[in-house]
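Open the structure in your viewer and keep the selection tool at hand. The stops below go from one selection to the next.

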Amino acid sequence: MKDNASSYSSEDYDSRIDSVLPYYRNFHSQIIDLVRTLGRERIRWLDTGCGTGSLVQKALERMDNIDWTLCDPSEGMLAIARKKLGNDHIRYLCTSSQDLSFDKEFDIVTAVQSHHYLDRPTRKKAVENCYKALKPSGLFITFENIALSTPQSDLIGAERWAEFLVSSGKSPEEVQAHLARRGTEVFPITIEEHITLLRECGFRSVDLLWASYLQAGFFAIK
């Protein structure tokens, strides 16, 4: 039984996500490399939709100057994160991005594969809350499933993803189940729509960080 919005239960998530999302671990590397370029002595970092804490676990291997706050609406995901990470210098909160209430508290806010579960008005509220949580000149980094620019190109992207799923050992039924989630359980928007949304929410600088298959990463400066 699932205890979160992903395809798998919290207990199964870490062992199965790499067979669903191409380059998933690369999302974390891209984020950490970007944050390290800031060169700040101490960083307050909010990871919203933190899941099982995999991003934080990888960051802890490379940086020791972070004060962490982890938020997720799934108690199951947070329980796994606590087991992996412990409690030293980490604050855990069971809440979603659209319900955040921070104000100018963080240098970095990340949201990885969490906002594409939201309809458009709720997604905008979630991004606005991430903006509000940042200090002036703070950095927001997000990776999400995306839609491609036309139905024709989106179909090509979906077919390419289906081939990846097959190569990862998924059955035809499992492949179809994953494809069927697009537009019903997850609601991807285009790269252009992502950039527009970030600007509408107040970010003064918005850029594409990374893209492949049907996922993309963005960074924006408050």
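Start by selecting Arg160 and Tyr213: the charged end of Arg160 sits over the ring of Tyr213, 3.7 Å from the ring's centre. The model is a predicted one.

Over the whole structure, a search finds 11 aromatic pairs. For one of them, select Tyr131 and Phe203, an edge-to-face pair with 4.9 Å from centre to centre and 90° between the planes. Tyr131 is in helix H5 (residues 120–133), while Phe203 is in the loop between helix H8 (191–200) and strand S6 (205–212), so the pair ties together parts that are 72 residues apart in sequence. Is Phe203 buried or exposed? Phe203 is buried, with a relative accessible area of 3%.

In soluble globular proteins, nonpolar side chains tend to be buried together. Select Ile31, Val35, Trp45, Trp68, Leu70 and Ile141, the residues with the most contacts inside the largest nonpolar core, which has 38 residues. Helix H2 (residues 24–36) gives the most to this core, with six residues. Centre the view on Ile31: leaving aside neighbours within four places in sequence, Ile31 is in contact with Trp45, Leu55, Thr110, Val112, Ile141 and Phe143. Another core, of 22 residues, lies apart from this one, and Leu100, Ile195, Phe203 and Ala220 are among its residues.

Move to helix H7 (residues 172–181) and select Val175, His178 and Arg181, which are buried. Viewed down the axis of H7, the buried residues fall within an arc of 125°, so they line one face of the helix. Helix H6 (151–167) is included in what covers them. Turn to the face of H7 that points away from the buried side, and you find the exposed residues Pro172, Glu173 and Gln176. After H7 comes Gly183, with a positive phi, near 90°.

Finish with the cysteines. How many disulfides does the structure hold? The number is zero. Select Cys94, which is in no disulfide: the nearest cysteine sulfur, in Cys71, is 9.1 Å away. Cys94 is partly exposed, with a relative accessible area of 39%. Then select Cys130, whose sulfur is 9.0 Å from the closest cysteine sulfur, in Cys201, and that is too far for a bond. Cys130 is buried, with a relative accessible area of 0%.

Technical notes. Residues numbered from 1 in each chain as written. Predicted model: local features only at pLDDT ≥ 70, side-chain atom pairs only at ≥ 80, totals over all residues. Heavy atoms only, no water. Disulfide = S-S within 2.5 Å. Buried < 20%, exposed > 50% of the residue type's maximum accessible area, 1.4 Å probe, protein only. Core = buried A, V, L, I, M, F, W, Y, C linked by side-chain atoms within 4.5 Å. Helix = DSSP H or I, 4+ residues; strand = E, 2+ residues; numbered from the N terminus. Contact = heavy atoms within 4.5 Å. Arc of directions from axis to C-beta. Phe/Tyr/Trp six-rings, centres within 6.5 Å; stacked < 30°, edge-to-face > 60°. Lys NZ or Arg CZ within 6 Å of the ring centre and 35° of its normal.
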